[in-house]
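Hello,

Here is the structure for you to look through. Please open it first, then read my notes below.

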Amino acid sequence: MKNIFKNKKISAIISVVPKEEYRFDDEYPLFKLTEDKAKRFKKMMSLDRHRIAPPEVCSSDLCLYGLQRLLNEGTLKKEEIGALVFVSQTPDYFMPPTSNVIHGKLGLGHDVVCLDINQGCTGFLLGLMQAFLLLEISALPKVVLLNGDTCSKQMDKCNRVSYPLTGDAGSVTVIERCEAENPIYMDLKNDGSRHKAIMVPAGAYRMPSTPETLKLREVDEGVLQNLEHIHMDGAAIFNFTMGDVPPQIDDTLAFSGDTKNSIEYFLLHQPNPFILKQMADKMKIPQEKLPNNIVSLFGNCSSVTIPLNITFNCGEHLQRESRRICFSAFGVGLAWISMVMNVGPLKVCKIVDYEPV
Amino acid sequence: MDKIKFYEQLAKILDIEEVKPEDTLKDFEAWDSLAILSVLAMADSTYGVAIKAEEIRSVVTAAELANLVEAKKK
């Protein structure tokens, strides 16, 4: 599905990461890897460190903290918030929606729209689409997009395949109208026939939680997993990413009238540096225009990887000036979305540590 | 397809001197999920083919792997 949104812009982004940072060099004995294998893994995936939230900290806590920082620092006023869109795969509860919980904690008015969306990898771009649609059909002043994921809670901490690549984070993005046309070009695709490639099989209603679903099983030599953990078909995901995403990016650039040269940054979802390098090579995009460092420094934090990529790699630029950016996100669903737009200058574009008072 | 080049690439992935066609993949110490991912990447970037996980798991020798990639290329 292609669409063009007009007279809308992102005005601020803040990413929030837990202050607890763990290094692969300290953690690898947990994964029962020999030193040789650990070195090979570290080199291939450029593993260095990641941020993991303590057990009592939820996705919503990270988002609420970011939102409070924006309010306290005067970037946003409470009465300007027309909608809270919370995108996550790790909500506080099955019910009520986490956006309502955040609404209550902030003491917002009754006319605010609260909306939860269950998405992971494409969650930032899907959330942006939802924010643009809300602004298009209503008189809401500003939409606040909250992306939060604490995927480290969905896996065994000794799982060498997933855990060293995973991180927890939250982000807050403010979306509003603007006088300039500022066209935003989007292409969105879904293929539910491949939904089993990334899934948490049990714990909801198709396969409710039982002692059986919580039983750890050895899925690979030394890798333990239960049915309430994230399951990934690595080869299927690799083939999907290399096969379906580059053509969509090309297609979106053609749609927006851009070339690989006219785009200043390709800010992609960050599953791991290996696949991002492979994609950059395949699309003939210089590595410096397509950052791949988020997993090495923070971990793959699902829908928050793009906000982290923006704030970490382009934060200073985007606070001062505008950049033409191609975003692309791909994963769980399977779903893949690409967007081309001008971003900046932003009122705020930064990363902060989660340090509640 | 240049099979000699393919075996050289495979040897590099497995971090050894040489791979012979008759070698059994599972016998290599480095034949693990990372090696399989590297083979998928090599098949995509060098030969432009996508291999499924079950296809990789079904081959036994290096020659069978080379034949799989070659068959897909056609």
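Chain A is assigned two domains: domain 1 covers 2-177 and domain 2 covers 184-346. Please keep in mind that this is a predicted model. The C-alpha centres of domain 1 and domain 2 of chain A are 14 Å apart. Domain 1 of chain A puts 53 residues into the contact, and domain 2 of chain A puts in 46 residues.

Which elements of domain 1 of chain A give two or more residues to the side that touches domain 2 of chain A? The strands are strand 1 (2-5), strand 2 (8-18), strand 4 (49-51), strand 7 (142-150) and strand 8 (168-177) of chain A. The helices are helix 2 (35-45) and helix 5 (123-137) of chain A. By class, this side of domain 1 of chain A holds 23 nonpolar, 20 polar and 10 charged residues.

Next, the contact between chains. Here 16 residues of chain A meet 11 residues of chain B. On the chain A side, helix 2, helix 6 (234-256) and helix 7 (273-283) each supply at least two residues. Helix 6 of chain A has the largest share, with 7 residues. The side of chain A that touches chain B is made up of 7 nonpolar, 4 polar and 5 charged residues.

Now look at strand 5 of chain A, residues 81-87. Is strand 5 of chain A mostly covered or mostly open? It is mostly covered, with 7 of its 7 residues buried. Strand 5 of chain A runs parallel to strand 7 of chain A, and 6 bridges join the two. It also pairs in the parallel sense with strand 6 (residues 113-117) of chain A, over 5 bridges. Val87(A) has a bridge partner in each of these strands. In strand 7 of chain A the partner is Asn147(A). In strand 6 of chain A the partner is Ile117(A). From strand 5 of chain A, the chain passes through helix 4 (residues 98-106) of chain A to reach strand 6 of chain A. This β-α-β crossover is right-handed.

Last, some backbone points to check by eye. Most residues other than glycine have a negative phi, and most peptide bonds are trans.

- Gly333(A) and Leu334(A) are joined by a cis peptide bond, with omega at about -10°. Leu334(A) sits in the loop between strand 15 (323-331) and strand 16 (335-343) of chain A.
- Gly344(A) and Pro345(A) are also joined by a cis peptide bond, with omega at about -10°. Pro345(A) sits in the loop between strand 16 and strand 17 (348-354) of chain A.
- Asn7(A) is not a glycine, yet its phi is positive, at about 55°. It sits in the loop between strand 1 and strand 2 of chain A. Asn7(A) has 16 other C-beta atoms within 10 Å, so it counts as partly exposed.
- Ser46(A) is not a glycine either, and its phi is positive, at about 45°. Its place is the loop between helix 2 and strand 4 of chain A. Ser46(A) has 17 other C-beta atoms within 10 Å, so it too is partly exposed.

Best wishes

Technical notes
Residues are numbered from 1 along each chain as its sequence is written. Chains are lettered from A and ligands numbered from 1 in the order in which they are written. This is a predicted model: local features need pLDDT of at least 70, side-chain atom pairs count only at pLDDT 80 or more; totals for chains, interfaces and linings use all residues. Domain bounds come from an automatic or database domain assignment. Two residues are in contact if their C-beta atoms, placed from the backbone, lie within 7 Å. Helices (H or I, at least four residues) and strands (E, at least two) are DSSP runs, numbered from the N terminus. Ala, Val, Leu, Ile, Met, Phe, Trp, Tyr, Cys and Pro count as nonpolar, Asp, Glu, Lys and Arg as charged, and the others, Gly among them, as polar. A residue is buried if 20 or more other C-beta atoms lie within 10 Å of its own, exposed if 12 or fewer, and partly exposed in between; C-beta atoms are placed from the backbone. Two strands pair if DSSP finds at least two bridges between them. A crossover is right-handed if, with the strands pointing away from the viewer, the path from the first strand over the helix to the second runs clockwise.
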